[in-house]
Amino acid sequence: MPVSDPQTLASLTRPSRTPTLTKLPGLFEPHRIILLLIFIVGLVAAIQLMDWSWLPRYLPKLWEGLQMTLIMLVSSVVVGFLIALPLGLAQVKGAWPLRWLATGFCTVIRGTPLLLQLWLFYFGLGALFGQFPEIRDSWAWDYLRQAWPYGFIALTVSFAAYQGEVMRGAFAGVPHGELEAAKAFGMSRRKVFSRVWFPRAVHRALPTLTGEIILQLKSTPLVATITVMDLYAVITQVRQTTYLTYEPLLFLVAVYLCLSGVLIVGLRWLENRVPQH
């Protein structure tokens, strides 16, 4: 039977708000409230029952360690991503020598522990540089005799290998029809890459990139094994001098949780801002 009443037609065609309303109570489900209460109780207990008298005294060193951690993270991610782009592209569209080299690089780096790579760069490459008088007498030796360049190299190479494999899948996952349609509109190869292929691939890779950056953040404490004074190394010194175990480690957990939360929120915002095509 046809409906002729305009109000009835409007009610039938108007989008329902029920799904939106039913999602809101999910934020206040009992198990989430219980977890929040446990967290608050644990936080209050940690503040009241534990010894935090060491914190003001070590804040300057902790700040310096946090700066080193952020420098290692940001620099290795930025440079590693710039290296990952040609690595992924070479595996998809490169000539066979470049494709084999890129595939071999990603396979070797992804197949060996980051700690081993870090030690090889520091104890191997660092010791090798010291055997050449030309390097020891140059301006570069002031940097090459320190530990942080080798930590940066190891973290960058590791991130480039993992993200290069991600970009390979992202480049290969862009539908071929979209590229052919762009060529049919008269776009050059450079414009097809910059306006269609590259943005689509980056948008596909962003969710995985978020996870890789979080993993990179959790890998930065490894540079403390080659005497780089990052946040973890400073916390280790605090534990050794104060003979406290739980308080410094809980402080470290809180800092890494905050950094991870900021990265997740920022990268998800970026994911929504990057155009798909």
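Mentor: Let us begin with a term we shall need throughout: a residue is called buried when its relative accessible area is under 20%, exposed when that area is over 50%, and partly exposed in between. Please keep in mind that the structure above is a predicted model.

Trainee: With that definition in hand, is Gln163 buried or exposed?

Mentor: Gln163 has a relative accessible area of 0%, so this residue counts as buried. Gln163 is placed in helix H9, and once neighbours within four places in sequence are left aside, its contacts are Phe81, Ala84, Ala205, Leu209 and Glu212.

Trainee: How much of the protein is buried, and how many helices and strands does the protein have?

Mentor: Of the 277 residues in the protein, 34% are buried. The protein holds 13 helices and zero strands, and if we consider contacts between residues at least 6 apart in sequence, 77% of them join residues at least 24 apart.

Trainee: Where is Met187, and what does it touch?

Mentor: Met187 sits in the loop between helix H10 (176-184) and H11. Its relative accessibility is 28%, and therefore Met187 counts as partly exposed. Not counting residues up to four places away in sequence, Met187 touches Ala182, Val192, Arg195 and Val196.

Trainee: How should I read the way two helices cross, and at roughly what angle do the axes of H4 and H11 cross?

Mentor: The idea is to look at how far apart the two axes come and at the angle between them. For helix H4 (residues 55-93) and helix H11 (residues 189-219), the axes come within 11 Å and cross at roughly 135 degrees. That angle is why H4 is described as oblique to H11, and the crossing of these two helices is right-handed.

Trainee: Which residues make the contact?

Mentor: On the H4 side the contact is made by Thr69, Leu73, Ser76, Val77, Phe81, Leu85, Leu89, Val92 and Lys93, while H11 contributes Phe193, Trp197, Phe198, Leu209, Ile213, Gln216 and Leu217. Sorted by class, the contact of H4 with H11 has 12 nonpolar, three polar and one charged residues.

Trainee: How accessible are Phe171 and Phe193, and which residues form one aromatic cluster with them?

Mentor: Phe171 is buried, with a relative accessible area of 2%, while Phe193, at 29% relative accessibility, counts as partly exposed. Phe171, Phe193, Trp197 and Phe198 together form one aromatic cluster, and of these Phe193, Trp197 and Phe198 also take part in the contact of H11 with H4.

Notes. Residues are numbered from 1 along each chain as its sequence is written. This is a predicted model: local features need pLDDT of at least 70, side-chain atom pairs count only at pLDDT 80 or more; totals for chains, interfaces and linings use all residues. Side-chain values use heavy atoms; hydrogens and water are left out. Axes are lines fitted to C-alpha atoms, for helices over the stretch in contact, and angles run from 0 to 180 degrees between N-to-C directions. Helices (H or I, at least four residues) and strands (E, at least two) are DSSP runs, numbered from the N terminus. Angles under 35 degrees count as roughly parallel, over 145 as roughly antiparallel, 65 to 115 as roughly perpendicular and the rest as oblique. A crossing is left-handed if the near helix is turned anticlockwise from the far one by less than a right angle, and right-handed if clockwise. Contact means heavy atoms within 4.5 Å. Ala, Val, Leu, Ile, Met, Phe, Trp, Tyr, Cys and Pro count as nonpolar, Asp, Glu, Lys and Arg as charged, and the others, Gly among them, as polar. Buried means under 20% relative accessible area, exposed over 50%, partly exposed in between (1.4 Å probe, protein chains only). Rings of Phe, Tyr and Trp (its six-membered ring) pair if their centres lie within 6.5 Å; planes under 30 degrees apart count as stacked, over 60 as edge-to-face and the rest as tilted.
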